[in-house]
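Please find my notes on this model below. They cover the metal site, the pockets and the annotated positions.

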Amino acid sequence: MPSNAGHSPRDDDKLAAPPLPAPLQVPVADSHTHLDMQSGTVEEALAKAASVGVTTVVQVGCDIKGSQWAAETAAAHADVHAAVALHPNEAPRIVHGDPDGWSRQGARPAGGDAALDEALAEIDRLAALPQVKGVGETGLDYFRTGPEGKAAQERSFRAHIEIAKRHGKALVIHDRDAHADVLRILKEEGAPERTVFHCYSGDAEMAGICAREGYFMSFAGNVTFKNAQNLRDALAVAPPDLVLVETDAPFLTPAPYRGRPNAPYLVPVTVRAMAAVRGVDEDVLATALAANTARAFDY
Ligand SMILES: [Zn+2]
Ligand SMILES: [Zn+2]
């Protein structure tokens with residue numbers, strides 16, 4: 001069959017938004033998204049998501065400006081909750097005097113630990129707001145940040161753990177190629193009561209550690225990727241009360257739409273793939289996912 005038979009030209013456009021999936025019968029939350037990096041308005045994204053049963057989103061900030069925006073957006077929309085943080089790749093940029101998204105004109109610090117402290121103070125202020133339900137994404141990223149950024153990442157991560165605990169908010173972990181150090185630092189600092197590994201990237205053995213510690217594991221669209229059997233193995237053994245679903249949109253679009261723009265309305269695609277891995281009905285899984293996300297973020 002010719003590649004374009006039966007499809008509109010738009011369907012075949014590798015950059016086009018994927019089609020709407022069939023709605024979930026039981027509504028769920030997208031536990032981690034970046035609406036500020038997606039096309040269209042917040043209202044459009046929320047309406048599209050709600051039309052397929054994705055009725056709640058956690059909007060995650062990665063820098064000062066993004067965290068302020070997340071808090072403002074959550075204040076304006078009952079179905080949006082905010083998480084605020086300096087991303088692990090942002091912390092070294094601040095220390096080295098090159099921060100993205102510093103919105104206070106004329107107040108851009110020159111770098112160093114003082115600049116990081118000043119940025120953390122703003123995260124601390126935002127974390128106290130009632131619509132801010134999480135502190136993150138924070139953690140360690142050894143993929144994008146080299147050895148010269150490690151100290152800043154770690155200092156920032158430890159500070160975020162302290163902020164999350166002091167305000168009683170969920171901690172949202174970004175862990176890329178840094179499993180052992182993330183788990184160690186959590187242990188050294190003492191993890192907050194509610195800790196979420198966003199875009200869970202460990203194997204089944206690490207899922208066992210997370211299960212023992214009571215850490216939530218949030219699975220993204222990459223759980224559908226052909227080369228991600230380790231993630232499916234982890235999902236298969238994760239306790240049902242610790243599993244979440246997310247898009248991390250606009251990134252990590254699930255198969256078969258890999259490479260196209262991701263958005264919260266595509267959560268059902270990932271939920272169905274997850275239900276198949278766990279051998280459960282999608283309504284049963286969706287019921288658990290909805291309850292787990294509400295518990296993790298205390299909304
Ligand atoms: Zn992340
Ligand atoms: Zn993210």
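**Notes on the zinc site and pockets**

1. H34 is buried, at a relative accessible area of 1%. Buried means under 20% relative accessible area, exposed over 50%, and partly exposed in between (1.4 Å probe, protein chains only). E137 is buried too, at 3%. This is a predicted model: local features need pLDDT of at least 70 and side-chain atom pairs pLDDT 80 or more, whereas totals for chains, interfaces and linings use all residues. Residues are numbered from 1 along each chain, chains are lettered from A and ligands numbered from 1 as written, and side-chain values use heavy atoms, without hydrogens and water.

2. The zinc ion (ligand 2) is held by H32 (NE2), H34 (NE2), E137 (OE) and D248 (OD), at 2.1 to 2.3 Å. Donors are N, O and S atoms within 2.8 Å of the metal (3.2 Å for Na, K and Ca); water is not among the atoms, so sites may look incomplete. Along the chain, the donor spacing reads H-x1-H-x102-E-x110-D.

3. The site of the zinc ion (ligand 2) is irregular, with angles of 87 to 175 degrees among its four donor atoms. Four donors are tetrahedral if all angles lie between 85 and 135 degrees; four are square planar and six octahedral if opposite donors are over 155 degrees apart and all others between 65 and 115; anything else is irregular.

4. E137 bridges the zinc ion (ligand 2) and the zinc ion (ligand 1), 3.6 Å apart. H34 sits in the loop between strand 1 (28–33) and helix 1 (42–50), and E137 in strand 4 (residues 132–141), so the pair ties together parts 103 residues apart in sequence. Helices (H or I, at least four residues) and strands (E, at least two) are DSSP runs, numbered from the N terminus.

5. The largest pocket is lined by 25 residues; H87, D141, H174, R176 and D248 lie nearest its centre. A pocket is an open set of points on a 1 Å grid over the protein atoms alone, where a 1.4 Å probe fits, with protein on both sides within 12 Å along at least five of seven lines; lining residues have an atom within 4 Å of a point. Strand 5 gives the most to this lining, with three residues.

6. UniProt, in an unreviewed entry, lists H174 and H198 under "binding site". Their largest C-alpha distance is 5.9 Å, although they spread over 25 residues of sequence. The lining of the largest pocket includes both H174 and H198. UniProt annotations may be inferred rather than shown by experiment. H174 lies in strand 5 and is buried, at 12%.
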